[in-house]
Amino acid sequence: MTVYITDTSNYQKPMLEINQLHKSYAIGDSSLHVLKGIDLSVAKGEMVAIMGSSGSGKSTLLNIIGMLDEADSGEYVLDSVTIKNLTEKKAAIYRNKFLGFIFQSFNLINYKNALENVALPLYYQGLKRKERQEKARFHLQKVGLLDWQTHLPSELSGGQKQRVAIARALASNPKLLLADEPTGALDTTTSSDIMAFLQQLNDEGKTILIVTHEEDIAAMCKRIIRLRDGIIMEDKTVTQVRAESHV
Amino acid sequence: MFDIDLWREIFQSINKNRTRSLLSGFTVTFAILLFTILFGLANGLNNTFSEAFVDEVSNGVFVRTGRTSKAYKGLQAGRRIQLKNQDFSFIEKDFDTETEYIASKVFKNITASYKNKKNNYSLIAVNPDNQYVEKSKVNSGRYVNQLDIENKTKVVVIGKLVEQEMFSRVSALGKNINLSGISYKVVGVFSDNGGDDEERIIYMPLSTAQQIYGNNDYLDQIDLTYNPNFDFNQAIDFGLDLEKKLKNRFNIAPNDQRAIRVFNMALQNKGINQMTSVLGILILVIGMGTLIAGVVGISNIMIFIVKERTKEIGIRKALGASPKSIISIILIESILITTLAGYFGLLAGGGILEWASPILKTYFITDPSVSKSLVISATLTLIGAGTLAGYLPAQKASKIKPIVALRDD
């Protein structure tokens, strides 16, 4: 078990601290043990790839970290806040305050235009409309899509949709960015663009967790964690491969 | 608390999902439209009925006499039966508990004159109870009272229209009116719901008329009201009993239909009542039927809407929406649509009824309207049902783990 010492002087508090995390799913009468005791610590500013074949539990782990799903047992501390027995309301507040999500299928709301999609997490933060739109425009500009702000998701390309989703994830200024196969639905060039952008965000200090099964995507991170059958097989720091931006 | 952003979200959702909104709105509009039209038609039918039978006192019994049609107990057929004061007393005494008010009447036709005006009216001599039997309302002055009966005073109580026609715009109270040569003092003016004819009557004390117009104690008719606590069967039995006793009193054959005629409103009322209660049940069935259909429709749509929005709910939750905000956004949207749609249904239904009203008159449907409060409560029922039907799946949706909702493709 990892011993966590509070030392205020020099020690950088981990952004994420997970101890002995277990998760099972009921499948009919039997139950499937997906996570079998995960220990993980992620410091601020890291860019971590979580790899593994399908069924290895990588998405489950990301969902638990993202408070989209609950662990059966184990400890989870996010930025010094213990995440346990959350009420729906509390979880909603934490998700909004701490986390930004990037999904493989973008998950934009189809009847809202790009700007409105980006502004949505700010709405749940209770910001005023003017302020929301201002911030949303700032983030859209950051992903280079300010000219597309009034377009509906159906009028955007895959890469553009994902960039809108990234802008949305950034809008609430989260401590942690969680990306579930962010390039899974994109072609190589676009994937490279998205990764370059994520690397740029990481350079600016954002902590990013990426679930992927693609080696070249993982290689663009700074640390690779390999999962197999619900346990961590390998956890290594790598030299980051810089993605080529085509934008 | 008014949250403009919440409403903006809702209006956007309604506006951008027009098919869905129109579909659910249409169900409600159609249900309320049907409800209004069917209820209106049934009400119109009901109106026709009550209009036809509204006039007389509902618990009245009227005793009239004629000539015997059958020989009985050695008496010849064709004998004239005459009611007298003692018969009135007999009924009053023998049916004390069964009767509420009892009035005897003598009818005369007279020519009334005041100053240079002249007109024919029917004069009815009555005792004080007649006011209650006829349900006349005294507008000014008083009715015939017991003192008038005892002193045989020469006073009259005139109908509202008599006052209007004879006295123009002046109050008739205290004026003397000449009735076929004899002068009477007007002591009261009355109105009656029974229509114009009922307000063209002049009442005077029974005893006065009996002395002046015949110097006898003859009565033309005895009107009474039965105990209002009677149900229809009790009232009908009372009428039959009264008829039997009177026939016995006058030595009339029990099967003689002409000599004594007891007209009992209870008989007529029973028929009307059965008719209206059947109509009432029909109305209720129709109303409930359309409402249930509407409720089922809106419930289905709400379940469908929540199902359709599962993914959106998941996204919103991942972005930090609280369960409460998820429920309120879905519910307020459905309530808004239901209310608006219900209002359209109400307008359309009312419009159609109004437009069709003259045509329907031919088919015995009078004034086929529905009370606003009824339609509003029907709409509220639908809103309530829609809310309930929406709340359960919305609440369920708000509790879905976002990850499950997000996987829902």
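In the predicted model, chain A contains an open sheet of four strands in the order 2-1-4-5, with antiparallel pairing (strands are DSSP runs of E of at least two residues and helices runs of H or I of at least four, numbered from the N terminus; two strands pair if DSSP finds at least two bridges between them). Strand 2 (30-43) and strand 5 (81-82) of chain A lie at the edges with a single partner strand each, so one side of each has no neighbour in the sheet. Five bridges join strand 1 (residues 14-27) and strand 4 (residues 73-78) of chain A in the antiparallel sense. Tyr76(A) in strand 4 of chain A is the bridge partner of Ile18(A).

Residues are numbered from 1 along each chain as its sequence is written, and chains are lettered from A and ligands numbered from 1 in the order in which they are written. As the model is predicted, local features need pLDDT of at least 70 and side-chain atom pairs count only at pLDDT 80 or more, whereas totals for chains, interfaces and linings use all residues.

The axes of helix 3 (residues 114-124) and helix 5 (residues 158-171) of chain A come within 7 Å and cross at roughly 25° (axes are lines fitted to C-alpha atoms, for helices over the stretch in contact, with angles from 0 to 180 degrees between N-to-C directions). Helix 3 of chain A is therefore roughly parallel to helix 5 of chain A (angles under 35 degrees).

The contact between chains A and B takes 19 residues from chain A and 17 residues from chain B (C-beta atoms, placed from the backbone, within 7 Å). Helix 2 of chain A gives the most to the side of chain A that touches chain B, with six residues.

Technical notes. Angles under 35 degrees count as roughly parallel, over 145 as roughly antiparallel, 65 to 115 as roughly perpendicular and the rest as oblique. Two residues are in contact if their C-beta atoms, placed from the backbone, lie within 7 Å.
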